[in-house]
Amino acid sequence: MSFTTRPEITGTFGVATSTHWIASAVGMGILERGGNAFDAAVAMGMVLTVVEPHLNGPLGDLPALICPAGAETPTVICAQGVAPAGATIAHYRAEGLDMIPGSGLLATVVPGAFDGWMLMLRDHGSMSFAEVMAPAIHYAAFGHPVLPRVCATIAGLATFFAEEWPTSAAVWMPGGAAPAPGSLFCNPDLAATWQRLVAEAEAVTGREAQIEAARNAFYRGFVAEAIGRYLETAEVMDAAGGRRKGVLTADDMANWQASYEAPLSVDYHDWTVYKTDVWGQGPTLLQSLRILEGTGVGDLDPNGAEFVHLVTEAMKLAFADREAYYGDPAHTTIPTDTLLSRDYAATRRALIGERASLTQRPGVIPGYEAWAQAAIARGGLDTQAGPGPGAGEPTMAHLTEKRGDTVHIDVIDRWGNMVSATPSGGWLQSSPIIPGLGMALNSRAQMFWLDPDLPTSLMPGRRPRTTLSPSMAAYQGRPCLAFGTPGGDQQDQWQLVYFLRLVHQGLNLQEAIDAPLFHTAHFQSSFYPRATIPGHLMIEPSAGEATIAALRAKGHNVEVAEPWTVGRLTAAKREKNGLLRAAATPRLMQAYAIGR
């Protein structure tokens, strides 16, 4: 019997797994009361904004993959907001910027997460708006045991909040100090916002009409109005060291809404893997699978140096293409078919050698050569100054707790409905609290560039190329697996390693999560100040000294992580006979899977 840190959860009624045990319990509670996976996911998402406010917020972003029972393929819910009408390169350059700050008011795009959840609830859920909001309202109003990492984040920014972001100090430092770990923490302003939304929803009759009333109140009513009023005059310190006004307006919110899209996919052995389009980084996982399918990776020791080297080098190539070619396909023609083709993968695979690559190597696609050259040039930027307050790449325990991160949710109900969602943004450290709302704006605009003619150039109405990347997979044509993780640029790296172990080693969901993880920061970070670390490879010490030594001998710039600190994966699966499985990482001691 193989040891795992916790059992793989199995049952037939339902499974809910997320990055916080309270959210997972809330999701299971919704299923127990007759709700479906979509109801459960929305309730979990709302609760996560309360209990993990350093990792996500109501004014953040949301991509989700949903698969109603019996559907042949999943569908993407795109709740990634767009750049405001006033977000032009000329305006940001006039503010003295050559890079968008990682925090503050100019870093925000239209808040998307709430509308995405409401779209899911309206079209696929069965419960009322009030029912799915009740748990989040409870924890905001009456308190939840605040995580040590939340307290550390607030404490590290206490002086900054008091001096620069007083609206944040008022919410996160009641009584003038950061909360103590494990103490009951309330956000009465957030509770009042939710309660007012419920009241406005219940002023009309009918489940769908009530959800529409909540959406309207959020994007065209009192929430948008409060955001617009604050941004008309607010000038706050950002990560670039200046006090600047934002450009988001209430009209920007009123003119945007979440939408449905078809996913991208590739076949790999008996599996088909589904991701968002190239406005997200998800296709890097698909490209990596295309590169690896001709290498014999499945025959290698999954904890050995050859496996780690091969997978790392494939990821470097896929992420180099992300930097060169990914962007919002609604605004730019992206060579997606080429990027996901087997012929193109073969040319990329041929670049993998016995030693670690130390250069940025996007592929050369005819007609797009300028994008590749621009990505190579950006990879050489001097970013050693480091991020300012509240900025930086979403990371794990081995890096600063002042930086944001993300959360993840996977749910499957007894009918076979599936959800995989990765909400993020609106972190408590990303932007000041909007007065009276108890919530902060997102900082996703930092993923744009202020250079023209790129697929990721700042442009009004364009989606930033996000890192948020939920996953689903089908086995022999039957959608059955939902999985994902927080972790910024690492999300698709950890998911790739996890998926390869499921496919080739036959591990169960928990065994594959508990196995040693690794990732590289060789390519350009998506987050301010957009650093690169050539040849970098972080790996958990459980991979073994021999593996680590062999990787160093291959030229990798190896950074050994603290034990059990890399990755926050969760997963859920439905077998053909209806048996349900779920698992969650033990890392950081927050994620949990529940089911029966």
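In this tour, two residues are said to meet, or to be in contact, when heavy atoms of theirs lie within 4.5 Å. The model on display is predicted.

**First stop: helices α14 and α20.** Select residues 305-325, which form helix α14, and residues 545-553, which form helix α20. Two packed helices are described by the angle between their axes and the distance between the axes. Here the axes come within 9 Å and cross at roughly 45°; α14 and α20 are therefore oblique to each other. Their crossing is right-handed. To see the contact itself, display Ala-305, Val-308 and His-309 on the α14 side. These residues meet Thr-547, Ala-550 and Leu-551 of α20.

**Second stop: helix α10.** Select residues 207-219 next. The end C-alpha atoms of this 13-residue helix are 19 Å apart, which agrees with the 18 Å that it should span at 1.5 Å a residue. Among the buried residues of α10 are Gln-210, Ile-211, Arg-215, Phe-218 and Tyr-219. The buried residues of α10 pack against α4 (113-124), α5 (129-142), α9 (188-201), α11 (222-233) and α12 (250-254).

A search of the whole structure finds zero disulfides. Select Cys-67, which is in no disulfide: the nearest cysteine sulfur, in Cys-480, is 9.7 Å away. Cys-67 is buried, with a relative accessible area of 3%.

Terms used. Residues numbered from 1 in each chain as written. Predicted model: local features only at pLDDT ≥ 70, side-chain atom pairs only at ≥ 80, totals over all residues. Heavy atoms only, no water. Disulfide = S-S within 2.5 Å. Buried < 20%, exposed > 50% of the residue type's maximum accessible area, 1.4 Å probe, protein only. Helix = DSSP H or I, 4+ residues; strand = E, 2+ residues; numbered from the N terminus. Expected span 1.5 Å × (residues − 1). Axes fitted to C-alpha atoms, helices over the stretch in contact; angles between N-to-C directions. Parallel < 35°, antiparallel > 145°, perpendicular 65-115°, else oblique. Left-handed = near helix turned anticlockwise from the far one by under 90°.
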